[in-house]
Amino acid sequence: MFAADVLNSGMTFHTIIEPFRIHSVEPLRMTTEDQRRAAIRNAGHNLFNLHAEDVLIDLLTDSGTGAMSRDQWAGIQRGDESYAGSPSWFNFLDSVRDLFPFEHVIPTHQGRAAEKILFTAVGGTGKTVPNNTHFDTTRANVEYSGARAVDLVIAEGRDPRADHPFKGNMDLAALEAVLAAAAPGEVPLVMMTITNNSGGGQPVSMENLRATKEICARYGVPLFLDACRFAENAWFIRSREPGYADRDVRDIVREMASLADGMTMSAKKDPLGNIGGWLAMNDDALAAKCRTLLILTEGFPTYGGLAGRDLEALAQGLREATDHDYLRYRIRSTAYLGEALDKAGVPVVLPIGGHAVYLDAKSLLPHIDPLSYPGQALAVALYETGGVRGCEIGSVMFGRQPDGDEKPAAMELVRLAIPRRTYTQSHIDYVIEVCLRVAEGASGLRGLRIVDEPPALRHFTARFEPL
Ligand code: F0G
């Protein structure tokens, strides 16, 4: 189905099939364009306000929206709900440690809970946290603690059309400069987000990770991974970085982990869970502090924010996420969507990332002023035209400044995130058709204005009116 891939190793066919067949189905509700126009009007032209049943193909996020396998559902049945020391906890712990052999593993209900605990422990006023690019919740948790979050991705990572195999890489000179200028103790840790979600789902190379670790070690600062999409990142290393083509993805993941001192994880992404996360590290004193915070807000250290059955689903999900047939299909199927759009002349962030295709609304809708929200206009049009729900990542999300001022974001993107193992190739062919139909009528699209917005994180609840 997802045609022609040079990495279809060992097979003589060009077609890369979904490496699963369907065992349980969820019906999709067909709607007409008139019904969708009414639904989005009622939602104040904000896709987050829609009833999900009014969405045909939901590409809002790849977080928690994947399909679990037969063996994960079997794990759910085996889940042991003992408050302390459940066998499900030990199964989860073994599965995490097999890939990420950190001394301490602290289970949380999702990624941001791990971030909240970590930055409560190490953040605070006067502190600085460098990252290739902070994801929104990571930035929010760093800043909420009083610390400063700085993004240091390489220049190519900020240019939608720049061609580079590892656009998520850290700018090493910029990192060195921040660490050299910092007061002792000012930088509690450096983070590396793999893959770089906010930068287009772009990977980080092992070489860059190793060099980042060397700089951190020279300044005595620990390196933490924000590892939500670790398996996709490892697959990109295997396919693009010299010396890794014959390596097992699990070994590549272990090598990535060996370069870090700890990690945060949203298990709603690559670990194939509908909920879950963890925080891990080698530092005993930091772990003790984090476990105390865990007990305050999440739960006992052998379940954290999760039920025993969730721990079982994640233990199994981690094994499946590192399977080569799965990853070959996963990366190829995202590229299939992106390449079809690129070939047809629809502007997308290149190269295509691991979990999502990012449409460049600024290029597609040059007649819409950034502060009339071209990304939002495009996302609304995709929904009205074909019931496809994406997510604006532009001036709606980032435009409002802490001082109340509004200024355009660096890029006006619409992210089409692909839930794992959920949609088939014909669904994606339909998405391509919808995008092309919208692109053909692009010059007729109008911007929007905001009629109501909350003081923070406005993209979730703001209401709009077409201009
Ligand atoms: N870090 C990254 C890189 C993420 O992409 C996310 C979530 C988180 C941390 C937070 O994890 O949602 O489990 O609390 N990203 C989702 C998305 C929401 O749509 O990209 P969480």
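This is a predicted model: local features need pLDDT of at least 70, side-chain atom pairs count only at pLDDT 80 or more; totals for chains, interfaces and linings use all residues.
1. An N or O atom in the Arg415 side chain sits 2.7 Å from an oxygen atom of the ligand.

2. Now the rest of the ligand's surroundings. There are 17 residues around the ligand, and the ones that come nearest are Thr61, Arg112, Ser266, Lys269 and Arg415. Sorted by class, the shell splits into 8 polar, 7 charged and 2 nonpolar residues. Which helix gives the most to this shell? That's helix 4, residues 111-122, with 3 residues.

3. On to the helix packing. Helix 1 (residues 33-42) and helix 14 (residues 374-386) have axes that come within 7 Å and cross at roughly 145°. On the helix 1 side, the residues involved are Glu33, Arg36, Arg37, Ala39 and Ile40; they meet Val380, Tyr383, Glu384, Thr385 and Gly386 of helix 14. By class, the residues of this contact come out as 4 charged, 4 nonpolar and 2 polar.

4. Salt bridges next: searching the whole structure turns up 29. Arg29 and Asp54 form a salt bridge through their side chains, with 2.3 Å from N to O. The partners are 25 residues apart and link distant parts of the chain. Arg29 belongs to the segment before helix 1, while Asp54 is in the loop between helix 1 and strand 1 (57-58).

5. Two cis peptide bonds to have a look at. The bond joining Ile194 and Thr195 is cis, with omega at about -15°. Thr195 falls in the loop that runs between strand 5 (190-193) and helix 7 (206-218). The other goes from Leu350 to Pro351, also cis, and here omega is near -10°. Pro351 is in a loop too, between helix 12 (324-343) and strand 9 (356-360).

6. Last, a backbone angle. What is the phi of Leu272? It's positive, about 65°, although Leu272 is not a glycine. You'll find Leu272 in the loop between strand 7 (262-266) and strand 8 (277-281).

Methods: Residues are numbered from 1 along each chain as its sequence is written. Side-chain values use heavy atoms; hydrogens and water are left out. Axes are lines fitted to C-alpha atoms, for helices over the stretch in contact, and angles run from 0 to 180 degrees between N-to-C directions. Helices (H or I, at least four residues) and strands (E, at least two) are DSSP runs, numbered from the N terminus. Contact means heavy atoms within 4.5 Å. Ala, Val, Leu, Ile, Met, Phe, Trp, Tyr, Cys and Pro count as nonpolar, Asp, Glu, Lys and Arg as charged, and the others, Gly among them, as polar. A residue is near a molecule or strand if one of its heavy atoms lies within 4 Å of it. A polar contact is a pair of N or O atoms within 3.5 Å; within protein, one must be able to donate a hydrogen and the other to accept it, and residues adjacent in sequence count only if both atoms are side-chain atoms. A salt bridge is a side-chain nitrogen of Lys or Arg within 4 Å of a carboxyl oxygen of Asp or Glu.
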